[in-house]
Amino acid sequence: MTDSHDAQHAQPLRHLVVLANPAPQGFDHAIVDAYREVVESHHQHVLVRDLYAVDFDPVLRAVERPTEPGWLPAPDVAAELDHVRTCDIIVFVYPIWFGLPPAMLKGYVDRVLGAGYSFRDVHDAKGHPLVEGKPLLSFSTSGTSLPWLNEQGQVLSLKEIFDVYLMRGLGLSQAEHVRIDSVVPDMKPAYAAEQLERVRAAAEKTCANLAAGHYREQAQAALRRRQDHAGSA
């Protein structure tokens, strides 16, 4: 085993948490705090990118489209890409608004996760070099109840158009999702505590899977499936 290999594995595992909620005292911030607490207890690293706090610009300009000649990422996107490049897992935390994530988060996907990656790449599921094989974990909150959301078909729809689409199109190893419903200003403290325990349990599981290399194994299996599919096409 080489020294470089040892040095690589001596680095702490890195969680990139992307928060998209404009309310600084909102429950999503408590989710981030609970998640970070568990990750740090495992001696893994957490970087939180609060998109509203950093005033992230979600608007994709024409010159940023990867099909443009001489494409280069904008300076703010280049900085975000450095965080994506060095992380081992991407974690989204956001409220559901009108059935979808906030425009701020969609803009992050457009400008950062989609940087240099065209619709043809998505169609062919080539796998984005910066995120290919990495897992995605999402925590979403909603003021309405989960049964009501299911009646509207919202849960399945969001899973298909966001989680699964990103997983397949970008070549992620998996896309897990923890949904927390009935998040309202007057929710009972006991209910809030129960939901934060769910967050901590998901964080515990995630840290263990990262440390054991389970996500890496899933990524390798997914890559083999894409290669087999491309070979048979």
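A: Let's start with the overall layout, then go through the cavities and some residues around them.

This is a predicted model, so local features need pLDDT of at least 70 and side-chain atom pairs count only at pLDDT 80 or more, while totals for chains, interfaces and linings use all residues. Residues are numbered from 1 along each chain as its sequence is written, and side-chain values use heavy atoms, with hydrogens and water left out.

First, the layout. The protein has nine helices and five strands. Here helices (H or I, at least four residues) and strands (E, at least two) are DSSP runs, numbered from the N terminus. Read from that end, the order is α-β-α-β-α-β-α-α-β-α-α-β-α-α. Of the 233 residues, 44% are buried. Buried means under 20% relative accessible area, exposed means over 50%, and partly exposed is in between (1.4 Å probe, protein chains only). A contact means heavy atoms within 4.5 Å.

Now to the spaces themselves. There are two cavities of 30 Å³ or more. On a 1 Å grid over the protein atoms alone, a cavity is a set of points where a 1.4 Å probe fits but cannot get out, and lining residues have an atom within 4 Å of a point. Grid points are joined across faces, edges and corners, and the volume is the space filled by probe spheres set on the points.

The largest cavity has a volume of about 40 Å³. To find the largest cavity on your screen, look for Ile96, Ser140, Thr141, Ser142, Leu146, Leu149, Gln154, Val155, Arg179, Ile180 and Asp181, which line it. Four elements each give at least two residues to that lining: β4 (135-141), α6 (146-151), α7 (154-170) and β5 (174-180). By type, the lining has five nonpolar, four polar and two charged residues.

Ser157 counts as partly exposed because its relative accessibility is 40%. Ser157 and Leu100 are 57 residues apart in sequence, yet 9.1 Å apart in space, C-alpha to C-alpha.

The second largest cavity holds about 40 Å³ of space. Around this second largest cavity you'll find Arg14, His15, Leu16, His45, Leu47, His83, Thr86 and Cys87. Two or more of the lining residues come from each of β1 (14-19), β2 (45-50) and α3 (75-86). Strand β1 gives the most, with three residues. The lining of the second largest cavity splits into three nonpolar, four polar and one charged.

Cys87 counts as buried because its relative accessibility is 4%. Cys207 is buried too, with a relative accessible area of 0%. What about disulfides? Count pairs of cysteine sulfur atoms within 2.5 Å, and you get zero disulfides.

Next, follow strand β1 along to Val18. Val18 counts as buried because its relative accessibility is 0%. Leaving aside neighbours within four places in sequence, Val18 is in contact with Arg49, Leu51, Val91, Phe92, Val93, Leu105 and Tyr108.

Leu105 and Tyr108 bring us to helix α4, where both are buried. Eight of the eleven residues in α4 (residues 103-113) are buried, so this helix is mostly covered. The buried residues of α4 pack against β1, α3, β3 (89-95) and α7.

Finally, step out to two loops. His43 is in the loop between α2 (27-41) and β2, and at 71% relative accessibility His43 counts as exposed. Phe98 is in the loop between β3 and α4, and Phe98 is exposed as well, with a relative accessible area of 87%. Most residues other than glycine have a negative phi. His43, though, has a positive phi of about 60 degrees, and Phe98 has a positive phi of about 50 degrees.

Key
On a 1 Å grid over the protein atoms alone, a cavity is a set of points where a 1.4 Å probe fits but cannot get out, and a pocket is an open set with protein on both sides within 12 Å along at least five of seven lines; lining residues have an atom within 4 Å of a point. Ala, Val, Leu, Ile, Met, Phe, Trp, Tyr, Cys and Pro count as nonpolar, Asp, Glu, Lys and Arg as charged, and the others, Gly among them, as polar.
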